[in-house]
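Please read the numbered points with the sequence and the model at hand.

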Amino acid sequence: VCIRRPDGSTQGQRYERVAIEAWLRRVGTDPLTREDIRREGYTLQSDDNLRAEIEDFMSSVQQRIILDS
């Protein structure tokens, strides 16, 4: 399983968007740092560069699978 929609925290961690949104609704803290997300300055942002790299990687894997079959 690979991240499809990465989000990054202000501390530099990367999470799958759907998973981190569910976690934050349930728990209310960053899963790695346990930092309260309600504190000023804590944000999540879409990591478009990482998403593009993942999409390129997944595409190359699919091409190899097709060629190997």
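**Notes on salt bridges and the sheet**

1. R17 counts as buried, at 19% relative accessibility (buried means under 20% relative accessible area, exposed over 50%, partly exposed in between, with a 1.4 Å probe and protein chains only). This is a predicted model, in which local features need pLDDT of at least 70 and side-chain atom pairs count only at pLDDT 80 or more, while totals for chains, interfaces and linings use all residues. Residues are numbered from 1 along each chain as its sequence is written, and side-chain values use heavy atoms, with hydrogens and water left out.

2. R17 forms a salt bridge with D7, with 3.1 Å between the closest N and O atoms (a salt bridge is a side-chain nitrogen of Lys or Arg within 4 Å of a carboxyl oxygen of Asp or Glu). The pair links distant parts of the chain, 10 residues apart: D7 belongs to strand β1 (residues 6-9) and R17 to helix α1 (residues 17-26). Helices (H or I, at least four residues) and strands (E, at least two) are DSSP runs, numbered from the N terminus. D7 is also buried, with a relative accessible area of 5%.

3. By the salt-bridge rule, the count comes to four. Another of these joins R14 and D47, whose closest N and O atoms are 2.5 Å apart. R14 lies in strand β2 (residues 14-16) and D47 in the loop between β3 (44-46) and α2 (48-68), so the pair ties together parts that are 33 residues apart in sequence. R14 is partly exposed at 38%, whereas D47 is buried at 14% relative accessibility.

4. In helix α2, R51 and D48 are three residues apart, about one helical turn. They form a salt bridge with closest N and O atoms 3.3 Å apart. R51 is partly exposed at 30% relative accessibility, and D48 is partly exposed at 42%. D48, R51 and E55 are linked in a network of salt bridges.

5. β1 and β3 pair over three bridges, and G8 stands opposite Q45 in β3.

Terms used. Pairing = 2+ DSSP bridges.
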